[in-house]
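The stops below are given in the order in which to select them.

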Amino acid sequence: MASGKLLSMNAEDHETSYAKNSVLQQAVISKVRPIIEESVTDTFRKLVPSCMKVADLGCSSGSNTFHIISLVIDTLDGLCKQEQLKLPELQVFLNDLPENDFNSVFKSVPDFIARLKKEKGDMGCYVPVGLANKGNVYMASSSPPDIFEAYANQYQEDFTNFLSSRSTEIIPQGRMVLSCRARKNPDPSMEDYVWELIVAKSLLDLGVVKEADVDSFNLPLYSPCKEEITEIVEREGSFEINSLQVFEVDNDQLIRERLCNKDLGFKEVCIEMGKVVANIARAAFEPIICSHFGDAIIDELFLRYAALAAEALSCGMSYKQANIVLSLTKK
């Protein structure tokens, strides 16, 4: 099956869709807002363009798709009013894998435009292969050194290619803001991969999945540290780093806020949080898991995942997530 189909998020037609389980990504957008505002402002003041092009490379679906667009428009509108300049034409490119739920995106456009008119008047990864990672579906403390090396090498290759491709699309002094999951420890073997480990344990606990199939399955994720990001950007050479920040999103608090209208005890809160955590994982991983193991196990798999997640949370495990935001200028 083509990698584009495997890596797409769940469509917006059921409870485990990406659109209904992307509150964590929304929190990241909120955190990186000042960096995006600064990048837009700096680019406009240096270039004073008559037309600005904005690309969301990985727009997915749901309301988050339009948060970044709104942020760019609000920043430009405020800047132009402040400096008595004409608002530039804005071309927005929403980019994602072919299997992305673009139908839901298109359906949301009229409401977005109507909201703009009302507010402002009249104004568009790769999987490392060939790894022997026994009992795991990702990096883990029990993984051999070549697993960490393979993931790191794949990330270096992919991110280098990404920067090189973007450099051909962005004019000199153009800006780009990137955000991704991160790890705080330069040594990947020292990280805690509990949530990815739960995927492997859930698969094995089903009793119908062959251990060899689990060993040959690897989640296409990688969380770089800031040192890796810096090294790759400097080695590729197309961009200058304006700022690089590592921050943490308190996913526990976000999930608890979703449950605030329910009168629950501690155990019940953990059970409900486990279900939310499972839906978040399912929204992202279901297509690629189905491609490797088939779809017959999916419901039972994520019921088991929810139970294990609830157990981890009840034992004090945190669901916080580190992220990197990187602001770059094309040389």
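Go to α2 and centre on Val32, where this predicted model has a kink of about 50 degrees, shortly before the proline Pro34. Now widen the selection to residues 23-47, the whole of helix α2. Its 25 residues reach 35 Å from the first C-alpha to the last, close to the 36 Å expected at 1.5 Å a residue. Step off the end of the helix: just after α2 comes Val48, with a positive phi of about 40 degrees.

Next, select residues 321-330, strand β5. How many of its ten residues are buried? Nine of the ten are, so the strand is mostly covered.

Residues 175-181 form strand β3, which runs antiparallel to β5 and is joined to it by seven bridges. To find one of the pairs, pick Arg181, whose bridge partner in β5 is Asn323. Residues 239-249 form strand β4, also antiparallel to β5, with ten bridges between them. Here, pick Glu248 and look across to Ala322, its bridge partner in β5.

With the three strands shown together, the order reads β3-β5-β4 in an open, antiparallel sheet. β3 and β4 are the edge strands; each has a single partner strand, so one side of each lacks a neighbour in the sheet. From one strand to the next, the twist averages 15 degrees.

Finally, select residues 226-236, helix α8, which packs on the sheet and touches β4 and β5. The direction of α8 makes about 165 degrees with that of β4.

Definitions and conventions: Residues numbered from 1 in each chain as written. Predicted model: local features only at pLDDT ≥ 70, side-chain atom pairs only at ≥ 80, totals over all residues. Heavy atoms only, no water. Helix = DSSP H or I, 4+ residues; strand = E, 2+ residues; numbered from the N terminus. Expected span 1.5 Å × (residues − 1). Bend = angle between axes of the 7 residues up to and from the residue. Buried < 20%, exposed > 50% of the residue type's maximum accessible area, 1.4 Å probe, protein only. Pairing = 2+ DSSP bridges. Axes fitted to C-alpha atoms, helices over the stretch in contact; angles between N-to-C directions. Contact = heavy atoms within 4.5 Å.
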